[in-house]
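Hi everyone, thanks for coming. I'd like to walk you through one structure today, so please have a look at it while I talk.

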Amino acid sequence: MTEEIKTIKGFRLLLGYLGIFISLAGLIQLLALFGLVFNPEESQYLWHFLIPGISSIIIGLLLSLLIRKKHLAKLERFEDAVFLVTMWIVVIFASSIPFMMYGANFTQSVFETTAGFTTTGVSLFDADTLPRIFVLYRSFLMLFGGVGLVLVITSTISDRYGLRLYNAEGHTDNLISNVAKSARLILGIYIGYVLVGTILFMIFGMTLFDAINYSITSVSTGGFAPHKASLGYYNNIGIEIVAMVLMILGSTNFLIHTFIITGKFKKAFKHAEWIVLGIAFLAGVSIITMNLMLSLDWDFLYSLRVASFQFISGITTTGLQIVPSINAFPPLSIGIIILIMIIGGQAGSTTGAMKQGRVALALKSSYWYIRDKMSGRRTVRSNFILRFGNYEKVTDVEIRHNYAFIVLYMIFLFLGSYIFMAHGYGFEDSLFEFASLLGSVGYSTGIVSLSAPAVVLWTGTIGMFVGRLEITVISIALIKIFLNLTRKNIL
C-alpha cells in the first residue's frame, strides 16, 4: 500500500517556497567572507556575516521542509505576484542584518541592501572607508539581484512555477521550455562576462579585488564601486571602454545573448530596442558633447569621452562615473541624462527604468495614431514592430497596456520627486534623484545620505523596489492581498 502524498497549497506553499530564498540570502552573506582572502585584517567583521548567514540558511531550510516531498498545488491566480513581492521584501530584510551589525540603523541598512539587490548602486557609505568585505558583499548583492533571484533558484531546481515567477519578476523574454536548463545557460553567460571583464580590467591596471567588483557592477548594471570617485579613480580610457562594453552587455535582453551564442545573429540584432539605443546614443552623445564644450570649455575629445561614458552608464542604468560629479554638468546635459534614466535598457536584462522596448512601442503607436487619423475611415491596417528578427503584430490591448504602464511610471516618478521637494530640495535635484532611484541608476545629487530624513530614505527604498519589480507586479500583489484580507474573490 503506497502512502498518500499530502498536497500543499495556500500560505504553507508560499512559506515553503520562501524558505528556499531565505537560504539563498544566507548563502550570499557567507560568500562575502571571501573578502577576507583579500583583507584578512578585517577578520573582526567575520561574525557580521557568519551569524546571520548561518541563521538564514537554517531558518530557510526548516521552512522549505513544508514542501519537501509533498505534492505542490497549483498557485492561485496572482499568487505568484504576492509571493514574489513578499520574497523580495523578506530577502532584503534578512540581507540587511550585516549592515545593522556594522552600525547602520534599520532604515539605512534596508536602503543600502535594496540598492544592491535592485542594482541601483547608490550608497549611503563612503566607499573609500567602508571595509572591503562590505564592498564585496554589496557587489554580490548586485550579482544575484541583477540576474534575478528567481532565475538563480530555478537554475538549481526544476520547478514548474519557475517560469511564471521569472516573468513576474519583470522579465518578458521567452525562455526555452526547460526552465532550469535555460536559467543555467543565462547564469553561465552572465558569470562568463564577469570573469572576462575581471581579466580585462586587470590587464589595464586594476587590482584583482577592484577588477572583480567593477566587473560585477558593470555587468549587473549596478553602480556600487570600491572607490568614492568610481571609475574616475583610474582615469584610464582602456578601463572605461571595457566598462562600457560590459554595461551594454548587461543591459541587453538575456534572450539576445543566447541568440548570439547559437549564431542566430538576425534574431539577435534585428530588434527594435537596438534602434532606440542607436538613435538615442547618436543624438544624446552629440548634444552632451557640444554642451560640455560650450558650457565648460572642455576640448572635443575629452567632452566626447565623458559624454559617451556617462550616456551609456545612464541609459544602461549602471551609474558608474568618470567625473567627480554629474551635478557639475550644464542643465541641458542634466536634462538628457534624466530622460535616458527614465528610458533605461532592454527588457529582460539587468536594467531598470521603463525599458527601451516600451519606448519603441510608444513611439510606433503614436505614429500609427497620427497615420490612422490622416487615413480614410475605411482604411484598415495591421500594426507590426520588429522583435528578435521578425515583425510581430501588435494588438490594441498591448498598446493600451504599454501606455498605461508609462503613465503609472511617470505618476510614481513625480510623486516621489514631490516627496523629496516637501523636505526642502529643489525640483531639478529631486526629479534627478528619484528618476535615478526609480530607474535603478545610482546617480545622486546628494539627497540620499546617512544624514537624510527617514522619510526620504524610505521613499528612495520604495522607489528602487518598485523600479526593480515594476509597478504592475506590485500593484497586483497589493490588490490581491487586500482582497484576501477582506475575503473577496478577484474577478
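Which residues are linked in a network of salt bridges? They are K355, R358 and E470. By salt bridge I mean a side-chain nitrogen of Lys or Arg within 4 Å of a carboxyl oxygen of Asp or Glu.

Before I go on, a word on what you are looking at. This is a predicted model, where local features need pLDDT of at least 70 and side-chain atom pairs count only at pLDDT 80 or more, while totals for chains, interfaces and linings use all residues. Residues are numbered from 1 along each chain as its sequence is written, and side-chain values use heavy atoms, with hydrogens and water left out.

K355 and E470 meet through their side chains, with 3.3 Å from N to O. K355 sits in the loop between α17 (331-343) and α18 (356-374), and E470 in the loop between α21 (454-469) and α22 (471-485), so this pair ties together parts that are 115 residues apart in sequence. Helices here are DSSP runs of H or I with at least four residues, strands are E runs of at least two, and both are numbered from the N terminus.

E470 also forms a salt bridge with R358, at 2.8 Å from N to O. R358 belongs to helix α18, so here the tie joins parts that are 112 residues apart in sequence.

A salt bridge joins R387 to E398, with the closest N and O atoms 2.5 Å apart. R387 is in strand β3 (residues 384-387) and E398 in helix α19 (residues 396-421), so the pair ties together parts 11 residues apart in sequence. E398 is partly exposed, at 25% relative accessibility.

β3 also pairs with strand β4 (residues 390-393), antiparallel, over 4 bridges; strands pair if DSSP finds at least two bridges between them. F384 stands opposite K393 in β4. The hairpin of β3 and β4 has 2 residues between the strands, and F388 takes a positive phi near 50° there.

Now, two other backbone spots to look at. T317, in the loop between α16 and α17, has a positive phi of about 60° although it is not a glycine. A353, in the loop between α17 and α18, has a positive phi of about 70° and is not a glycine either. T317 is buried at 0% relative accessibility, and A353 is buried at 1%.

Finally, the nonpolar side. The largest nonpolar core has 137 residues, and M87, W88, L149, F201 and L231 touch the most other members. A core here is a set of buried Ala, Val, Leu, Ile, Met, Phe, Trp, Tyr and Cys residues joined through side-chain atoms within 4.5 Å. Helix α7 (residues 132-147) gives the largest share, 11 residues.

Conventions
Buried means under 20% relative accessible area, exposed over 50%, partly exposed in between (1.4 Å probe, protein chains only).
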